[in-house]
Amino acid sequence: MRHAEGSRKRALAASSRWGARCPRAPHAFRLNNAERACYLLTVPDFLLELFSEEIPARMQARAAEDLRKLVTEALVGAGLLYEGAKAFVTPRRLALAVKGVPVKQPDVKEEKKGPRVGAPEGAIQGFLRAAGLTSITEAKVQPDKKGDFYLAVIEKPGRPAIEVIAEIVPAVVKTFPWPKSMRWGEQSAQPGSLGWVRPLHSIVATFGPETEEPEIVAFAVDGIAAGDETRGHRFMAPQPFKVRRFEDYAAKLEKAKVVLDPERRKEMILADAKNLAFAQGFELVEDAGLLAEVAGLVEWPVVLMGSFDKAFLAMPPEIVRATIRNNQKCFVLRDPRTSQLVDKFILVANIEAADGGKAIIAGNERVIRARLADAKFFYDTEVVGEFPELQGLMGKYYALAQGEDASVAAACEDHYKPLGPNDRVPTDPVSVAVALADKIDTLVAFWEINEKPTGSKDPYALRRAALGIIRIILTNEIRVRLFAFLIFQLIVTRGQIEQQPLWDLEISYEDLVKEFSERLVGLDVGAKIVKSRPHDEVDVSASSQGLAKAVADLLIFFADRLKFQLREEGARHDLVDAVFALERQDDLLLIVRRVEALGQFLDTEDGKNLLAGYKRATNIIRIEEKRDARDYVGRPEPSLYRQSEERALASAIEAAKTEASAAVTREDFGGAMRAMAKLRPHVDTFFDKVTVNVEDQQLRENRLKLLNEIREATRTVADFSRIEGGVMSA
């Protein structure tokens, strides 16, 4: 192969040759099939391989994506737009293939404005230096309305792509974002030496079209020079061999017992494991996470089957599976007729052994036998800490073994759930109660010690706990005042933290809710809470104010989580905000139903009428309030109505409010909105016949207050000012 000496001249010559061979086109995607095929044959491709010791499986996928992103973003930033790029990874190599890279950067023409004609010599000389000109005669004279000025037209020819790539790759390698990296050898003692996930041995970097011999991209990183030589499988094909471009590289690796594409390795493992299990009358227990990990441990997957003592199957199947999976990265099998685990497992080797894999199987069987024996010991002695990933589930098994009721056992398993957006939600009444209690207790306790999520940090998974509460309530359609839940739990938690006797609340549930609801809006109703000693009343107004503030803060937190959940499910963000803008929204199920009803209603003709009437009424109020620097709130004075249209609108508003309030009480939100939609013709008639901004200021104020009644009436269902299109611009 040729190195890149004289690459600028060759690039220009190659560009000319390739232009003669293929029709010129602005972009290859605009060519017909024949032209495109010709174009792709003559446009260079770039191949990069970084060959090292074994890369941890958990880092491979991210590393491949980082390599693709960093290199291609640098290419685009340098003006080298390409056809496509794909990254590959095996345990020992990161590779990148970039198709259709231009042979050189585009030429750039830049205009630099200089001083006016006749400017002082110092300004002229400064302009010449900045523009790279030797004489002012090289500049153009450009006229404008202030007179003539000098203009330098600077033309920068594009550099050959191979030179640009030779600068990009070392920079990417030296700054590669490995989660953990190491230094090695004599170079490690030098400041700024290369850090890589494992010792880097060689670099392949070739560039050129399919019709010609590609060039080696000339660069070095910490003494490792780029070349065209790589190696195959560590044991089955360790000898070096040369490669040209990606197709040649991938084919030669395959012959050298390396499957480059991780997705193909996964497909091979899964297909072979299923076939081997089926041949023995078993069924593979699929595990996507384990499959991805195992595919990152082998370059040439070989699927084998081993066995273990049937006595271990007396343990819960989750323990058997977790032990075999976590310790040996092996898959378990089951009987397809009973769905019960069998005493067999699937392992994936990285070599075609001369003995057919007998020694490999025997070694895995020894380790698995020992690990299962350990698991049985811990299970028999109830040391559940050995299986942290099975928390809850182990509690269920122990509860059943002790003869507990099935609902109690289920609650032991489910009280941690749901652990994420795709996890199962408890539905058994006992499980639901325990799961809610556990999560509310967790949230309130952390709130009391001021350990709240901040920004992206949530070390105690409090956002997940809140979302879990929301999902449990919504899935089971539980009608509960979250507000009251939080009050009671805060009182209990505060008593525990302060190590004081818990308060005995000698007031009804309804009075308690009313008490703290009023405090949330700043009202002082003089709460009386009774201590443990009967009839010893003290005024704890300050304490109840603190509780109210904590409840308000928690409710805001829940509101944010519910908004997130609803938006994830496709609800319009403005409708969610419109409902949450109403006061005292703590019945989560009712909130969701209100949002759903609002979305459905606004898609109807009545919904459009309601929104249009609201817009027409509130826009004029908003404009006048801004101009007058005051709010037009409060009831209008009926005696100031001068026209029948005013009285008709006032009467229609009262009727709509009455009908809508009754519908909301029945939780018929669609009915409430239909009642409000009836205002549209009265609003239109009012604006057609009544002048709002009259000279009589008392009359003007009364008419603005009448229009404000529409704004207030619609808040029976939602805050329409939060709905997109709900307020027109001035």
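Which residue takes a positive phi in the hairpin of β9 and β10? The points below take up this and other features of the predicted model.

1. The β9–β10 hairpin. Asp-222 is the residue in question, with a positive phi near 50 degrees. The hairpin has 2 residues between its strands. Strand β9 covers residues 220–221 and is joined to β10 by 2 bridges, in the antiparallel sense. Ile-203 has Ala-226 in β10 as its bridge partner.

2. Overall make-up. The protein chain has 730 residues, of which 46% are buried. Its secondary structure comes to 24 helices and 18 strands. Among contacts with a separation of 6 or more, 68% link residues 24 or more positions apart. The accessible surface of the protein chain is about 37,100 Å², and carbon and sulfur atoms hold 51% of it.

3. Confidence. The average pLDDT of the protein chain is 85, and 86% of the residues score at least 70. Residues 502–507 have a pLDDT below 50, and the model gives this stretch 18 contacts beyond near neighbours in sequence. Residues 516–542 also stay under 50 in pLDDT, with 44 contacts beyond four places in sequence.

4. Nonpolar cores. In soluble globular proteins, nonpolar side chains tend to be buried together. The largest nonpolar core here has 87 residues. Those touching the most other members are Leu-443, Leu-486, Leu-562, Leu-598, Leu-707 and Phe-720. Beyond its neighbours within four places in sequence, Leu-486 is in contact with Ile-440, Val-444, Val-551, Leu-554, Leu-555 and Phe-558. Another core, of 41 residues, lies apart from this one and includes Val-98, Ile-165, Leu-194 and Phe-219.

5. The three-stranded sheet. Strands β4, β6 and β5 form an open sheet in the order β4-β6-β5, with antiparallel pairing. β4 (108–116) and β5 (140–144) are the edge strands; each has a single partner strand, so one side of each lacks a neighbour in the sheet. From one strand to the next the twist averages 35 degrees. β5 is joined to β6 (residues 147–156) by 5 bridges. Gln-142 has Phe-149 in β6 as its bridge partner. Helix α4, residues 121–131, lies across β4 and β6 and runs at about 170 degrees to β4.

6. Ile-136. This residue is in the loop between α4 and β5. Is Ile-136 buried, partly exposed or exposed? Its relative accessible area is 23%, so Ile-136 is partly exposed, since buried would mean under 20%. Leaving out neighbours within four places in sequence, Ile-136 is in contact with Ile-124, Phe-127, Leu-128 and Tyr-150.

7. The four-stranded sheet. This open sheet has the order β13-β15-β16-β14 and antiparallel pairing. The edges are β13 (283–284) and β14 (302–307); each has a single partner strand, so one side of each is left without a neighbour in the sheet. β14 pairs with β16 (residues 341–349) over 6 bridges, in the antiparallel sense. Gly-306 is set opposite Phe-345 in β16.

8. Backbone points to check by eye. The peptide bond from Lys-417 to Pro-418 is cis, with omega near -5 degrees. Pro-418 is in the loop between α12 (406–414) and α13 (429–448). Lys-257 is not a glycine, yet has a positive phi of about 65 degrees. Lys-257 lies in the loop between α6 (246–255) and α7 (262–279), and at 24% relative accessibility counts as partly exposed. Glu-477, likewise a residue other than glycine, has a positive phi near 50 degrees. Glu-477 is in the loop between α14 (462–475) and α15 (482–497). Its relative accessibility is 53%, so Glu-477 counts as exposed, the cut-off being over 50%.

Technical notes
Residues are numbered from 1 along each chain as its sequence is written. This is a predicted model: local features need pLDDT of at least 70, side-chain atom pairs count only at pLDDT 80 or more; totals for chains, interfaces and linings use all residues. Side-chain values use heavy atoms; hydrogens and water are left out. A nonpolar core is a set of buried Ala, Val, Leu, Ile, Met, Phe, Trp, Tyr and Cys residues joined through side-chain atoms within 4.5 Å. Buried means under 20% relative accessible area, exposed over 50%, partly exposed in between (1.4 Å probe, protein chains only). Contact means heavy atoms within 4.5 Å. Two strands pair if DSSP finds at least two bridges between them. Accessible areas come from the Shrake-Rupley method with a 1.4 Å probe; for residues, only the protein chains shown count as cover. pLDDT is the predictor's confidence in each residue, from 0 to 100. Axes are lines fitted to C-alpha atoms, for helices over the stretch in contact, and angles run from 0 to 180 degrees between N-to-C directions.
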